Amino acid sequence: MNLSRSQILFMKVHVATLKKVTEAISNYVRLKKSSYVCISNVHMCMETYDCREFRDVVNGADLVLADGRPIFWAQRLMGMESAEHVRGQDVMGALCELGEKSQFRIGLYGGATGEVLSKVKDNLIKEYPSLKIVFTYSPPFRALTEAEDRKVVDEINANDVDILFVGIGCPKQERWMAEHKGKVNAVMLGVGAAFDFISGEKSHAPIFLQKLGLEWLFRLCSEPRRLWKRYLKQNPRFMFYFFRQWVFGINCVDKKFED
C-alpha cells in the first residue's frame, strides 16, 4: 500500500490513518520485509532539521507517522485533509490486537531495565491474552559490541519475530533501526516512551490536554529536569520554521540543509 507524504520542514511524514498504517505493516509482515517505522513528533522533526545524517535516517524509513499533535496539525494546515493523528501507542495497540488474530510473533527491544520490560510484557499479555511475545531484550546504556549485537540479531531472527517494538528513545532507536534494516527480518517500530507508559512507569496526559496538543506540557511538568531544555529549544523553533514554510513555501528553509 502506497501512502503519500507531506514535507514538514525536512521531515517527510506520511499522510495516514490508523487503519491504513495497520494494513501497510501487516502487508510488510506477510512479505517478510525487513523495514522500519518512525513515530514522529516535534523533537524528531527538529533533529532532522539540525542533522543531515539523522534526516536521512528518518526519511529512509518505510513509514513516518504523525505521532505529535503539532505534526498532525501541520499536515492539516498544508491541506492534507485525510491526515489523522496516528499515535505510536495506538499503532502498537492496533498491531497487538491484530497480532492476536493473525498469530504475529512479537518482539520487545528496549526498556530502561529488564524489570520494566518484564512489566511491559506482562501488561501486554493481560490486555491481549493470545499475543505471542517471543523475544524480549533490554539493552545496556552503552553501545553493544559487534559480537553482542550479532547475537541479539541472531536471536531475533531465530525466534522468527514478525514485529519488533523498539523503545530506546529518539534519536537512538531510529538510528538503530536504520542500521539493522536488512539484518533484522522483521518490521521494526520505534515506539519511544510507550514502554514506560505500558509498564506504568509514566502516566499519559489527560485526554483534553492531548487534544489541545499540550501533552508535551504535561510531560514537562512530570520530568522538568530532563525535558525543559528540549522543549524550550525545539518547540519555539518548530513553530517559527514551520510558519515560514506554511506562509512562504519550503524554499525559504535554510539552503545549507538541502541536497
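Gly107 stands opposite Leu164 in strand S7. These residues belong to a predicted model, in which local features need pLDDT of at least 70, side-chain atom pairs count only at pLDDT 80 or more, and totals for chains, interfaces and linings use all residues. Residues are numbered from 1 along each chain as its sequence is written, and side-chain values use heavy atoms, with hydrogens and water left out.

Strands S5 and S7 pair in the parallel sense over five bridges; two strands count as paired if DSSP finds at least two bridges between them. Strands (E, at least two residues) and helices (H or I, at least four) are DSSP runs numbered from the N terminus. S7 comprises residues 163-167, and five of its five residues are buried, meaning under 20% relative accessible area with a 1.4 Å probe and protein chains only. Ile163, Phe165 and Gly167 point one way from S7, whereas Leu164 and Val166 point the other way.

Four bridges also join S7 to the parallel strand S8, residues 187-190, where Val187 is the bridge partner of Ile163.

Beyond these pairs lies the whole sheet. Six strands form an open, parallel sheet in the order S4-S3-S8-S7-S5-S6. Its edge strands, S4 (63-66) and S6 (132-137), each pair on one side only. Neighbouring strands are turned by 20° against each other on average, direction ignored; axes are lines fitted to C-alpha atoms, for helices over the stretch in contact, and angles run from 0 to 180 degrees between N-to-C directions.

Methods:
Buried < 20%, exposed > 50% of the residue type's maximum accessible area, 1.4 Å probe, protein only.
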